[in-house]
Amino acid sequence: MSSLAKNYERRKIAFKRGKGSFLYSTNGKKYLDFVQGIAVNSLGHANPYLINAINKQSKKIWHISNAFNIPEGEKLAKRLTQKTFADYVIFQNSGTEATEVAIKAARRYFYSIGKPKKNRILCIKNSFHGRTIAAIYASGSKKMTEGFGPKVPGFDHFNFGDHKSLERSITSKTAAIMCETAMGESGIKVIPEWCLKGLRKICNKRKILLILDEVQCGIGRSGKFFAFEYSKIKPDIVPIAKGIGGGFPIGAVLMNKKVALAMTPGSHGSTFGGNPLAMSVGNAVLDQIFKKGFLANVIKSSKYFMNELHKIKEDYPGIIKDVRGIGLLLGIQLFENQKKFIKELEDERLLTIRAGENVVRILPPLNVKKTEIDLAIKIIRKVCNQQD
Ligand SMILES: *Cc1c(COP(=O)(O)O)cnc(C)c1O
């Protein structure tokens, strides 16, 4: 009997080790892992470069307080700002903490300019920003908030793609619009470039902040360092996590200068956030992702994978409703509930994970090999064939 609480419906398999795109189960089977801890292991399992980085740092300092300077964190923050819109960074340990700080920073900004009543955050209905008490109400999902009342005030919602309701929902109290550039949990729904441009324009016009949650789609997952870079816009605040640690828990919020200046000494803190061990791993992940040609290769893998998935869709139009995604954040939307399909993929040794709207979510490591994509395609085809 497990002593772990039942808040997860866990699958039966367990793994003893991993290598790159593969996982080896305790009962001796080899799986192609296209979950990768939900877009976390951006460089695959047991990456030698990351192992070396964590080993080296583990012999020096694991943790000190943020009351002191942390050179490894200074370095990671510098690199994140040099490569992006951001001027400043606050480190956390997870995605939901990062979105919490994003919300705090947006409110604090308006407070700092003498408009404390401008504090409401406008989000997409049924989005995903994590599981803390504020983040679940930001998501506006009935399922996630059930039984966790009282409702946290300060969040408004509009429907994905409904531009009229978005404009209508902005009031004099709105501080920011917060959305995922590409929605992961809720079904791999990518906000098109022209909508992102429109969002930026609306935010400028109404003098509110734009928060783009790139916890899942960021750090190279989209084929650009950030998914919003395709649209060439600049958000004000960007929470990140998942991929930046390559498997080590790291969260962060990136901010432009005007927002960051509101986060004055004492306004926020975290015991673990940005500790030397985490920061060394984060730097090692960036060493790889910033390598020349790395992101171009993500785009190449994505194009190939997408193209192959579209071919399967054409061959099985009664099973697959849609193929969508950006970079290596991919989804196959089925006409029916995806649970059985995911189980059959697993029986064929391909690991995938669900997302909203009957979507089978596919998240290979960013350095996935063509032969591994081919293997996945073969398995997906086989399972479609079995269902037909
Ligand atoms: C996963 C995720 C989060 C929450 O991250 P945790 O590390 O699980 O707290 C927040 N936002 C998005 C878009 C996510 O995909």
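Student: How do α2 and α10 run relative to each other, roughly parallel or roughly antiparallel?
Tutor: This is a predicted model, so keep that in mind. Helix α2 covers residues 48-58, and its axis packs against that of α10 at an angle of about 150°. Angles over 145 degrees count as roughly antiparallel, so α2 and α10 are roughly antiparallel to each other.

Student: How far apart are the axes of α2 and α10? And is the crossing left-handed or right-handed?
Tutor: The two axes are 9 Å apart. The crossing of α2 and α10 is right-handed.

Student: Which residues make that contact?
Tutor: From α2, take Tyr49, Leu50, Ala53, Ile54, Gln57 and Ser58. From α10, take Pro276, Leu277, Ser280, Val281, Ala284, Val285, Asp287 and Gln288. By class, the contact of α2 with α10 has nine nonpolar residues, four polar and one charged.

Student: What about α3 against α10, what's the angle there?
Tutor: About 35°, with the axes of α3 and α10 8 Å apart. Helix α10 spans residues 276-289. Here the crossing is left-handed.

Student: Switching to pockets. How big is the second largest pocket?
Tutor: Its volume is about 830 Å³. The lining of the second largest pocket has 30 residues.

Student: Which of them lie nearest its centre?
Tutor: Asn66, Glu74, Val89, Ile90 and Phe91. The elements giving two or more residues to the lining of the second largest pocket are α3 (71-82) and β4 (88-92).

Student: What's the class make-up of that pocket's lining?
Tutor: The lining of the second largest pocket has 12 nonpolar, 15 polar and three charged residues.

Student: Back to helices. At what angle do α12 and α13 cross?
Tutor: Roughly 125°, and their axes come within 10 Å. Helix α12 is residues 339-347, and α13 is residues 370-387. That angle makes α12 oblique to α13. The crossing of α12 and α13 is right-handed.

Student: And which residues of α12 and α13 meet?
Tutor: Lys340, Phe341, Glu344 and Leu345 of α12 meet a set on α13: Ile379, Ile380, Val383, Cys384, Gln386 and Gln387. In the contact of α12 with α13, six residues are nonpolar, two polar and two charged.

Student: Which residue has a positive phi although it is not a glycine?
Tutor: Ala39, at about 65°. Ala39 belongs to helix α1, residues 36-39.

Student: Why flag those two kinds of feature?
Tutor: Because most residues other than glycine have a negative phi, and most peptide bonds are trans.

How values were computed:
Residues are numbered from 1 along each chain as its sequence is written. This is a predicted model: local features need pLDDT of at least 70, side-chain atom pairs count only at pLDDT 80 or more; totals for chains, interfaces and linings use all residues. Side-chain values use heavy atoms; hydrogens and water are left out. Axes are lines fitted to C-alpha atoms, for helices over the stretch in contact, and angles run from 0 to 180 degrees between N-to-C directions. Helices (H or I, at least four residues) and strands (E, at least two) are DSSP runs, numbered from the N terminus. Angles under 35 degrees count as roughly parallel, over 145 as roughly antiparallel, 65 to 115 as roughly perpendicular and the rest as oblique. A crossing is left-handed if the near helix is turned anticlockwise from the far one by less than a right angle, and right-handed if clockwise. Contact means heavy atoms within 4.5 Å. Ala, Val, Leu, Ile, Met, Phe, Trp, Tyr, Cys and Pro count as nonpolar, Asp, Glu, Lys and Arg as charged, and the others, Gly among them, as polar. On a 1 Å grid over the protein atoms alone, a cavity is a set of points where a 1.4 Å probe fits but cannot get out, and a pocket is an open set with protein on both sides within 12 Å along at least five of seven lines; lining residues have an atom within 4 Å of a point. Grid points are joined across faces, edges and corners, and a volume is the space filled by probe spheres set on the points.
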